[in-house]
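User: I would like to learn how to read helix packing, interfaces and salt bridges in a model. Please take me through them step by step.

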Amino acid sequence: MSLEVIKLQCQRGEKELFSELSFALRSKQLMRIEGQNGTGKTTLLRTLCGLYQPEAGEVHWNGKSIKKLGEEYLKDLFYLGHHNAIKADLSALENLQINTALAGETYSEDDLLQALDDIGLFGSEYKPTAHLSQGQKRRVALAGLLLSKAKLWVLDEPFVALDGFAVKLLQEVIAKHIENEGMAILTTHQEVPLTNGEILSISLDLNSSSTGNESTSSDD
Amino acid sequence: MTSAFGTILKRDLLLALRRRSEIFTVLFFFIVVISLFPLGVGTEEKILQQMAPGVVWIAALLASTLALDRLFSADYEDGTLEKIVLSPSSLSMSVFAKILAHWLLTGLPLVLISPLLGLFYHLPMDSIFVMMFVLFIGTPVLSMLGAIAAALTLGLRGGGVLVSLLVLPLYIPVLVYGAGAISTSMITGVSIEPYVLLLLAFSLLSIVFSPWVTAAALKISLE
Amino acid sequence: MKINWFKYSAPMSFYPLAGKLIPLFWIAAIMLILGGLYWGFFKTADILNDQKQYYRIIYVHVASAWMAMWLYAVMVFWAMLGLIFNTRLSYMLASATAVTGTVMTIIALATGAIWGKTSWGTYWDWDPKLTTFLILLFVYIGYIALQSAIDDVRRSDKASALLALVGLALVPIIYYAVNCPDPTQCASLHQESSLKRVESNILIGMLVTTLGFWMYSFATTLMRARIIVLERERSTTWVSNLPEISLAETSNSKIEARTETRS
């Protein structure tokens, strides 16, 4: 399993966000994308998912271009964007069931309820999500992560709006995913302690051309 | 492939069921527009009968463009549209599910309410059946072509008006043959078959090509 | 010709080339249009009696109508090229062509109305061809409206290109529907347009003015494309190195310097 980014160049309007960006990610690795607002973190993540077409360069999954892989790549991908992708008129359970079904996975109602329970939504499973708080809505979206069988997680600011308990839980979930041969890419300022695995980080700050590939390994 | 199709279709119908007002808004818009015409042009039976086919169709075109605005924008705003695009199944099929749900919620009610409006315009019984039938095969075209415009204008300010501008000229064939069929049905001894066949052909063409084009448009708009 | 276009598909090399070609197209346009009109007005005088002289608007009407349709095809061609090869210049040419196409459609409609008043006694008639042109105008305007509604250049290019393609697919169907509202018989107030039936004398005039309109379209499209190039590439170095730009910049910087000293 590997994700390779080859000489990627992205542009928003007239502004060049980054160019000649290359890196690779393998199983048991987690990558943190750093950078100030407007440096193109979200655009980079969306490009990795194939939602955004880069100006130049390619993204490869297991050695093949994600454009050619299409649905085969999407099976291995879990993307969490700024929006929670949940419907206010549906209950947490219905939302989770629909989102997992869209990801091509089917679970029994017990499994779904268990996931919601694990993420701390016990008692709110059947309420319309419109009545939930911002943090609880985020948890509904994150419940999908607990169940996801995808190898590659692409998470845009996953810790936003979460309280201490949920942050800790999410850290554990990501760490477990990495340990199980998974890989994750996230934009966050939050530390994700890993017991077994490697943390890479990449910064989109300053001159886009001088994007460094400083990797900090933390195998403690 | 079918699982995403079924999931989306079921979800959209469920959502509409939770928020029924949106269906009724479109339906009542249709009824109100049709009821206004007699007040503007007079209530003489002959004139009304002559106008009915065109009025019903134009009201249907307007009602369906009105509804288009919400076709993708709700999913776009809460991020579910990205989920659908990133779902490992054919995007055209997912889009087809969305359009089908949209037609069931906004097109089909117009077909079902139309007999009532036929009575407003003193249409003979036969013509009312013809009207229901041509609305039934013609309104899917409105949803199909409309979806392309809705996808192209996704998330734009004033997108609703723009959608109408883009899509109304494209509805002309449906209007011409849909209204033509109802008018012809009031003349004895003339077959409406040519109209129906042309409408059917147009309908099938749009069902085959539109989901595919709409999927491409959505990908462009999501960038 | 084709090879040239591919070579000049970079905006940087297109810009000066277009600048050189524009005057040539203008000269050709003026000469051909004047020549064609002169031929049409004075060299074909004896064919019809005096009361029917109004037919001479044909030289403008037919030429603009042909160009209006042709430019739509050109626009779709560039849009398609853009979607396939993702070349920025193709999109720019497509949007530049759209405006000229719209102008041609309006000219065709206006001259059609004037001609209609004299020959049919009414400015407007729901004649299939006039109606089709009205719809063509709507389609052009829809294209331009969509393009100007989207701020992001890349999305606006691609979305309007897709719309142009959809329009191309649907226009024949719309044309058929307008032409044959009753599927069992197709009627038309317009004369069947068959070039064979036109006097060769008139045909020469028509073809020459059409060619002139074509040259005019080249000139205006290239001019507009040049402006779009400047607008979109304004942050690049080659644009700021252009003599006409650096002149403007120095005057701008003077103004900035003055405002600074004043404040």
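This is a predicted model: local features need pLDDT of at least 70, side-chain atom pairs count only at pLDDT 80 or more; totals for chains, interfaces and linings use all residues.

User: Start with the helices. How is a packed pair described?

Analyst: Two packed helices are described by the angle between their axes and the distance between the axes. Take helix α5 (residues 109–118) and helix α6 (residues 134–147), both of chain A. Their axes come within 9 Å and cross at roughly 120°. The crossing of α5(A) past α6(A) is right-handed.

User: Which residues of α5(A) and α6(A) meet?

Analyst: From α5(A) come A:Asp111, A:Leu112, A:Ala115, A:Leu116 and A:Asp118. From α6(A) come A:Ala143, A:Leu146 and A:Leu147. By class, this contact of α5(A) with α6(A) has six nonpolar, no polar and two charged residues.

User: Now the interfaces. How is their size given?

Analyst: The size of an interface is often given as the accessible area lost when the parts come together. For chain C and chain B, about 2,300 Å² is buried between them. Of that area, 78% is on carbon and sulfur atoms. Three residues of chain C, namely C:Arg155, C:Leu162 and C:Pro183, supply 25% of the area that chain C buries against chain B. That is more than any other three residues supply.

User: How many residues does the contact take from chain C and from chain B?

Analyst: Chain C gives 27 residues and chain B gives 28. There are seven residue pairs in polar contact between chain C and chain B, both residues being at pLDDT 80 or more. On the side of chain C that touches chain B, the elements giving two or more residues are α5 (128–149) and α6 (153–179) of chain C. The largest share, 13 residues, comes from α6(C). That side of chain C divides into 20 nonpolar, two polar and five charged residues.

User: What about chain C against chain A?

Analyst: Chain C and chain A bury about 480 Å² between them, with 25% of it on carbon and sulfur atoms. Seven residues from chain C and seven residues from chain A take part. Two residue pairs are in polar contact across this interface, both residues being at pLDDT 80 or more. On the side of chain C that touches chain A, α6 and α7 (200–232) of chain C give two or more residues. By class, that side has no nonpolar, one polar and six charged residues.

User: And salt bridges?

Analyst: Side chains of opposite charge can pair when their charged atoms come close. The structure holds 18 salt bridges over all chains. Three of them lie between chain C and chain B. One joins C:Asp151 and B:Arg157, at 3.3 Å from N to O. Between chain C and chain A there is one salt bridge. Here C:Arg154 pairs with A:Glu55, and the closest N and O atoms are 3.3 Å apart.

Definitions and conventions: Residues are numbered from 1 along each chain as its sequence is written. Chains are lettered from A and ligands numbered from 1 in the order in which they are written. Side-chain values use heavy atoms; hydrogens and water are left out. Axes are lines fitted to C-alpha atoms, for helices over the stretch in contact, and angles run from 0 to 180 degrees between N-to-C directions. Helices (H or I, at least four residues) and strands (E, at least two) are DSSP runs, numbered from the N terminus. A crossing is left-handed if the near helix is turned anticlockwise from the far one by less than a right angle, and right-handed if clockwise. Contact means heavy atoms within 4.5 Å. Ala, Val, Leu, Ile, Met, Phe, Trp, Tyr, Cys and Pro count as nonpolar, Asp, Glu, Lys and Arg as charged, and the others, Gly among them, as polar. Buried area is the accessible area (1.4 Å probe) that two parts lose on being put together, summed over both. A salt bridge is a side-chain nitrogen of Lys or Arg within 4 Å of a carboxyl oxygen of Asp or Glu. A polar contact is a pair of N or O atoms within 3.5 Å; within protein, one must be able to donate a hydrogen and the other to accept it, and residues adjacent in sequence count only if both atoms are side-chain atoms.
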